[in-house]
Each structure stands twice: as structure tokens, then as C-alpha cells.
Amino acid sequence: MKIEFWGQEFKANLWIGIPGAFLIAVLSSMFGFGGGPFMVPLMTVFMRLPMYVVVGSSLLAIFFNTLTGSLRHYGFGNFDLVFFLIMFPAAILGGFIGPRIAKRLSPIVVKRVAVVGLLILALSLLGVF
Amino acid sequence: MKNFWKLAIILMFTIAFSTNIYAEQQSVTSAETQKEGIVLQVDRKELSGGGKITITGKAPQGKDVYIEIWSEKNVRAARLDTDPDPKTGKRPYIFYMTDEMPAFYTLIVPEKYKDILDQAKKEGGKWSVSKVIKDAGADAVYGEPAKRKIDRYQTTLWASVIGSRGTLLPPMDEKDNKRRSMQLLKAKFRSVETIFSSKLKIAQDGTFTAELDLPSNTAPGKYFILAKVDKELKSSLVTVENKITLPNVYLSNAGRTVNLFGPFFLALVVTTFGVLMGAGGGFILNPILVLLGLPHTVVAGTVMPTVLFSQASGVYNYSKIKFINWKLGITLGLAMILGAFIGPKLTELITLAQFKFIFGWILIILAALMFWQTTPGYLEKHKKEQAILKEFKKRAEEAAKKKAEGGK
């Protein structure tokens with residue numbers, strides 16, 4: 001598929017894009033996490049699109065994913081209103097605080113800390129410890 | 001429009017307070033008088049945020065007494081039966097689900113059966129509720145969950161693909177319902193010690209004493225206590241009221257009471273860190289909530305909508321500066337809609353163990369991805385890309401501004 005972005009033309013490989021987006025959506029909605037960290041590499045590395053094309057368009061696709069997933073979870077009775085009302089303000093507040101701290105921290109250090117944290121969490125989920 | 005908001009606010013308040021009004025209803029003091037031979041008493045009728053109750057009574061001499069305790073509040077329990085048929089070897093793929101499982105259930109067996117419970121604990125995840133009940137001689141007294149209505153659906157691969165639960169099968173007979181209720185008990189409560197207890201001393205003359213420790217995260221409302229010797233010989237029902245006060249709130253779908261500051265601060269810290277690391281908070285928040293014991297279905301279904309609004313505002317902001325290629329976004333979005341239609345159905349079908357296993361591997365992949373993003377090669381490329389991105393954004397913002405000014 002050919003797409004145009006700010007006067008430039010790009011070729012998007014949908015043979016990779018569509019199955020990839022589908023798979024990411026299944027996992028993301030199944031486990032309730034955002035698909036961004038997987039969608040961006042899919043579109044930049046595998047579909048070979050430049051970052052400035054990807055940022056906005058991937059968010060749009062992920063928004064569709066979150067909307068559908070949320071409605072389906074609601075339909076299956078997996079949504080807990082009280083729990084949501086507790087966490088929603090916290091998520092909004094986190095969105096305000098995050099960018100303010102981000103300026104003072106090195107992104108590489110943050111990412112390396114995140115890698116260690118994610119591995120610890122992964123191993124405890126897998127029952128290693 | 002104004003009326004709509006009024007209605008929405010009224011609706012919100014109704015939902016928020018309806019549970020409270022319900023909890024404040026006084027329990028009707030039930031009779032503790034002798035009936036059919038078993039006397040049953042409790043040392044306290046009211047609890048606040050759980051606590052210890054001593055149950056005493058008298059049963060006919062020389063008989064084993066069992067005590068069932070369950071909450072008035074119900075939760076959902078579900079299980080996909082994939083165990084091969086012992087005769088044909090075919091997997092049934094029947095999905096069992098009830099919305100009437102007590103949020104709390106315990107069967108206290110006489111102290112002498114402690115070994116049976118210990119044995120089941122040693123079996124790990126493979127222990128069976130029905131085996132414990134049979135070995136502890138409780139088959140005739142196990143009653144309450146068996147009465148709950150269980151729906152069963154014949155699922156197929158196709159049904160999962162279109163995201164349906166499958167065809168609803170006719171209701172089960174009493175015996176089958178009882179057997180399936182035991183499996184659902186295990187699917188919901190998992191461990192031996194939440195479903196069974198052996199803290200029940202029976203004296204020579206038939207008097208008995210049992211101890212019940214209601215955990216602080218248990219549901220508010222009434223708890224029913226019933227002592228039984230067999231199907232016919234039982235005490236009258238004794239009711240105990242458990243009250244919870246703010247900041248503790250009851251999550252009706254999860255079947256648990258939590259201190260609302262707990263999830264609030266956890267979500268705050270995790271989402272803040274999520275912004276910093278450039279991945280949504282769900283990757284960290286969901287596993288922690290699941291490890292804390294909340295049902296994986298409720299965790300996935302409740303965390304997901306929390307980012308809906310921030311994503312919507314992000315899309316709006318990008319669209320203002322024309323930074324979205326709609327053709328690309330909608331094409332991939334349609335593929336994602338299809339995927340998101342199926343995903344939540346799968347959450348329901350898998351067990352907690354499977355949830356943890358797959359999530360664990362997803363986190364390892366994510367960690368690898370993030371590690372790759374800190375390698376020198378990637379950083380150099382990323383720097384260039386970010387510079388181009390910034391340049392484009394600047395141009396886009398300026399263009400949007402100009403247009404706005406031109407429009408005036």
C-alpha cells in the first residue's frame with residue numbers, strides 16, 4: 001500500500017503489517033497492556049517506515065485496539081467500576097508527573113532499570129522465584 | 001445535552017452508593033435454637049474488616065461435624081474443561097461459568113482430617129477438591145456451592161475466533177452440577193487453605209469448637225454458617241455481618257476488599273514510570289495486580305480502559321498538526337479491531353497459570369526490545385530519527401498555526 005506523508009511517498013508492507021498488528025492486538029487486549037512498545041518496532045523495523053510517520057499513525061491504530069478491547073472486556077463482565085475509578089485518576093496524574101521527571105533523567109538509565117525490573121517481574125510470573 | 005449530564009451524574013451516584021446502602025442493612029438475628037439435633041453458636045455477630053470468629057456447638061455424640069461458611073456476596077468463576085475423556089481420549093472443550101460463586105467459601109472439617117489437607121497441599125497445583133471432600137468424608141455435607149447455577153457452553157475454535165462463548169448447553173443434573181462446582185471452587189480460590197480448614201475440635205460428648213479467621217480483604221455483607229453431620233442432620237443457619245469502612249472498598253467483580261490507596265499509589269507510581277520508560281504502565285501494573293491475587297480477567301478488563309482517554313487526546317493532538325496518516329492508521333487499526341475482538345475472549349478461557357506463563361514471556365521479549373534500544377547502534381540511529389521527527393513536528397505545528405491564523 002502506498003501512503004503519502006507530508007509530500008513524501010512511502011510503501012507500507014501490509015503482508016507484515018496486518019498480521020503483525022492483528023497478533024499484537026490479540027495479546028494486548030488479552031492481557032490488558034498497551035500495544036505501543038510492540039507496534040512502533042513493527043512499523044519501523046519490519047515495515048521500514050520512518051519514525052515520524054509511525055508515531056501518530058500507530059497511536060491511532062492502538063486507540064482502535066484499546067477501544068474495542070475495552071468494550072469487549074466490558075461485555076464479558078471483566079470491568080470493575082470501583083477499581084477503575086481508583087486507578088483512572090492515578091493514571092492521569094502519572095501522565096502529568098512522568099514528563100516532568102523525564103527531563104531530569106537519562107533515558108538510557110531509565111530503560112536499563114526498566115529492563116531489570118521487567119526481567120524480575122517476568123521471572124516471578126514464570127515461577128522461577 | 002444538559003439533561004444527559006444530569007442523568008449521567010445521577011447514575012454515577014446511584015452506582016456508587018447502592019452498594020453502601022446494601023451493606024448497612026442490619027442482619028436479621030437468626031435463631032440459634034436447637035433444630036434437628038445440632039446446636040450452633042458464634043461468639044460475635046459483627047465483624048469489621050474481617051477477624052476471628054469462634055464457632056461452638058453440640059452435635060450427637062460420636063459423629064463427625066462439618067461446618068460450611070459462605071458469603072452473601074457472589075462472584076464469577078469460570079473454567080474451560082480440556083481434560084481428555086478417559087474412554088475416548090477426546091477433549092471436551094466445554095466452558096463452565098457461574099456468576100453465583102460465593103465470594104468467600106470455606107468448609108471446616110474435623111481436626112483428624114488435617115493429614116488429608118496437608119497431603120493435598122503437597123500435590124501443588126494438581127490437587128483436587130473432590131478428592132479432599134471424599135477423603136475427609138464430607139461428600140454428604142458439601143452443599144452450598146453445589147446448589148449454584150452453572151452455565152456450560154460448548155466452545156469450538158470457530159467460536160473463539162468470532163469471540164463468542166459458544167453454544168449454551170442444557171443445564172446439568174444435580175450430581176453433575178455438584179462435581180463441576182468443585183472444579184470451579186478450585187479455579188476461583190486455587191489453594192487448599194482458602195477452601196478447607198481443619199480447625200475443628202470435637203469432644204467425646206459431641207460438643208465442638210471451630211475457629212474461623214475471615215481475612216481483611218474479604219467481601220462485606222452477611223456470612224452464613226451452617227454445621228452438618230450429614231445431608232439431613234444440620235444446624236439452623238447462623239448469620240454474621242462483616243462491615244468495611246473507608247478507605248476500604250469492595251471490588252464487586254474481583255470479589256475482594258481493598259484499601260483504595262493501595263491500587264491508587266501503585267497505579268500512580270507505575271504509570272509515572274511507564275511514561276519514563278516509554279511503555280504503557282499495563283506491562284508492570286497488570287502482573288503486580290495479578291501476583292497480589294486479583295483475578296486476571298478483571299485486571300485486564302479494568303486496566304485497559306484507563307489509557308483510553310490519554311490515547312484519545314494523543315490522537316486528537318497529532319491530528320491537529322496533521323501528523324497522522326489516516327490510511328495507514330485505519331488499515332492497521334482494522335486489523336487491531338479484529339484482534340481486540342478476540343483477545344478478551346481468550347482472557348476468560350485461560351487459567352491463571354497460563355496467564356502468568358504467557359505474560360512472563362511477553363515481558364522477557366519486551367525487556368529484550370528495551371535492552372536493544374539502549375545499545376550504541378540503536379541510539380545513534382534513534383538520535384537521527386528523533387532529530388528528523390522534531391524537525392517535522394516543528395514544521396507541522398507551524399503549518400497548523402498559520403492555518404489557524406489564516407482562518408481568523
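Which residues is Leu363(B) in contact with, leaving aside its neighbours within four places in sequence? I looked this up in a predicted model. Leu363(B) is in contact with Leu118(A), Leu121(A), Ala122(A) and Leu125(A) of chain A, and with Phe283(B) of chain B.

Next I looked up the largest nonpolar core. The core holds 140 residues, and Leu363(B) is listed with Ile67(B) and Met336(B) as touching the most other members. I noted that α3(A) gives the largest share of this core, 10 residues. As background, I wrote down that in soluble globular proteins nonpolar side chains tend to be buried together.

Then I turned to a pair of helices in chain B. Helix α9 covers residues 282–291 and helix α13 covers residues 352–372; their axes come within 11 Å and cross at roughly 150 degrees. Angles over 145 degrees count as roughly antiparallel, so I recorded α9(B) and α13(B) as roughly antiparallel to each other. The crossing is left-handed. On the α9(B) side, the contact is made by Phe283(B), Pro287(B) and Val290(B). On the α13(B) side, I listed Phe355(B), Lys356(B), Phe359(B), Leu363(B) and Leu366(B). By class, this contact has 7 nonpolar residues, 1 charged and no polar ones.

My last entry is on Ser70(A). Ser70(A) lies in helix α3 of chain A, residues 51–75. Is Ser70(A) buried or exposed? I counted Ser70(A) as buried because 24 other C-beta atoms lie within 10 Å. Leaving aside its neighbours within four places in sequence, Ser70(A) is in contact with Met304(B), Pro305(B) and Leu308(B). I also looked up Lys11(A), 59 residues from Ser70(A) along the chain: their C-alpha atoms are separated by 32 Å.

Conventions: Residues numbered from 1 in each chain as written. Chains lettered and ligands numbered in written order. Predicted model: local features only at pLDDT ≥ 70, side-chain atom pairs only at ≥ 80, totals over all residues. Helix = DSSP H or I, 4+ residues; strand = E, 2+ residues; numbered from the N terminus. Buried ≥ 20, exposed ≤ 12 C-beta atoms within 10 Å, placed from the backbone. Contact = placed C-beta atoms within 7 Å. Core = buried A, V, L, I, M, F, W, Y, C linked by C-beta atoms within 7 Å. Axes fitted to C-alpha atoms, helices over the stretch in contact; angles between N-to-C directions. Parallel < 35°, antiparallel > 145°, perpendicular 65-115°, else oblique. Left-handed = near helix turned anticlockwise from the far one by under 90°. Nonpolar A, V, L, I, M, F, W, Y, C, P; charged D, E, K, R; others polar.
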